[in-house]
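Let's take a walk through this structure together. Have the sequence and the 3D view open as you read.

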Amino acid sequence: MNAPRRRSFAIRASLPSWRVSDKFRSVSAQLPFPSWLKAHQLDPAHCLYATQLPEPLALSRDALRQLWELHPAEFPELTIHGRVVKAPRWQQAYGRDYRFSGRVNRALPVPALLEPLLGWSKEQLDPRLNGLVLNWYDAAHEHYIGPHRDKTKGLIRGAPIVTISLGEERVFRLRPWKATGVLDFPARHGAVFVMPFETNQAFTHEVPHFTRYEGRRISVTVRAFDDLQGA
Ligand SMILES: O=C(O)CCC(=O)C(=O)O
């Protein structure tokens, strides 16, 4: 067994400072999202909303280490352009199966550690949110997620996709679908991004790897799975 890596989970508890070009600075919150979410206008019709996880929900270093240990042993397989490849990160669904790229990530029961995050998301953001998908990124393995739009089949139409970042800061990068441009948002420990359904259709999102990274990040994504629709 490997010795624990001391440098993991270096958490910076600073407030977000958004590095989005002035042209796209926050304009206004659009209903139905709560007014305490900060709206970042991406184009005239689409926003990404953001906030910081409330202090009582912030996971301690010990809790983060426990969460890290939950990652599966194997990398999930993806089919990209007809080829089966291993994803460059670990992934696990909790509460609801997650179907993507022709595969099904069979859900495990939601662990007690994650229940407060799901509960908060439902109570504060959208009561339809019902399932979690975690991604574990280890900079030592150059983990990342490439540009993609979340598949909407199996999701409740109109419900947002929530991403909670834990651990090392990364960049959450958006690009307009079939157009040029990049919008970067710092995904710090405790950052919460709320992506409206329509924003997911109009923009890709990704979490790139850069050589400056040396720690570990976990993203807790919260979605509204349509139990009646199934696969
Ligand atoms: O890790 C993240 O912040 C994004 C995860 C993601 O894009 C996904 O699960 O589809």
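Let's begin with a pair of neighbours: E1 and strand E2 (residues 46-52) run antiparallel and are joined by five bridges. One of the pairs to look for is Asp43 with His46, its bridge partner in E2. Keep in mind that this is a predicted model.

Now zoom out. E1 and E2 belong to an open sheet of seven strands, with antiparallel pairing and the order E1-E2-E13-E10-E15-E8-E5. Strand E1 (38-43) and strand E5 (90-94) are the edges; each has a single partner strand, so one side of each has no neighbour in the sheet. From one strand to the next, the twist averages 20°.

Helix H1 (residues 61-69) packs on this sheet and touches E8, strand E10 (161-167) and E15. The direction of H1 makes about 75° with that of E15.

Which residues of helix H2 (residues 115-125) are buried? They are Leu117, Ser121 and Leu125. These three sit on the same side of H2, because they cover an arc of only 35° around the axis. An α-helix has 3.6 residues a turn, so residues three or four places apart point the same way. The cover over the buried residues of H2 includes E10, strand E13 (191-195) and E15.

Finally, the ligand. The residues around it include Asp150, Phe172 and His205.

| Strand | Residues |
|---|---|
| E8 | 131-138 |
| E14 | 203-207 |
| E15 | 216-223 |

By class, the shell has five nonpolar, five polar and one charged residues.

Note on methods. Residues numbered from 1 in each chain as written. Predicted model: local features only at pLDDT ≥ 70, side-chain atom pairs only at ≥ 80, totals over all residues. Near = placed C-beta within 6 Å. Helix = DSSP H or I, 4+ residues; strand = E, 2+ residues; numbered from the N terminus. Nonpolar A, V, L, I, M, F, W, Y, C, P; charged D, E, K, R; others polar. Pairing = 2+ DSSP bridges. Axes fitted to C-alpha atoms, helices over the stretch in contact; angles between N-to-C directions. Contact = placed C-beta atoms within 7 Å. Buried ≥ 20, exposed ≤ 12 C-beta atoms within 10 Å, placed from the backbone. Arc of directions from axis to C-beta.
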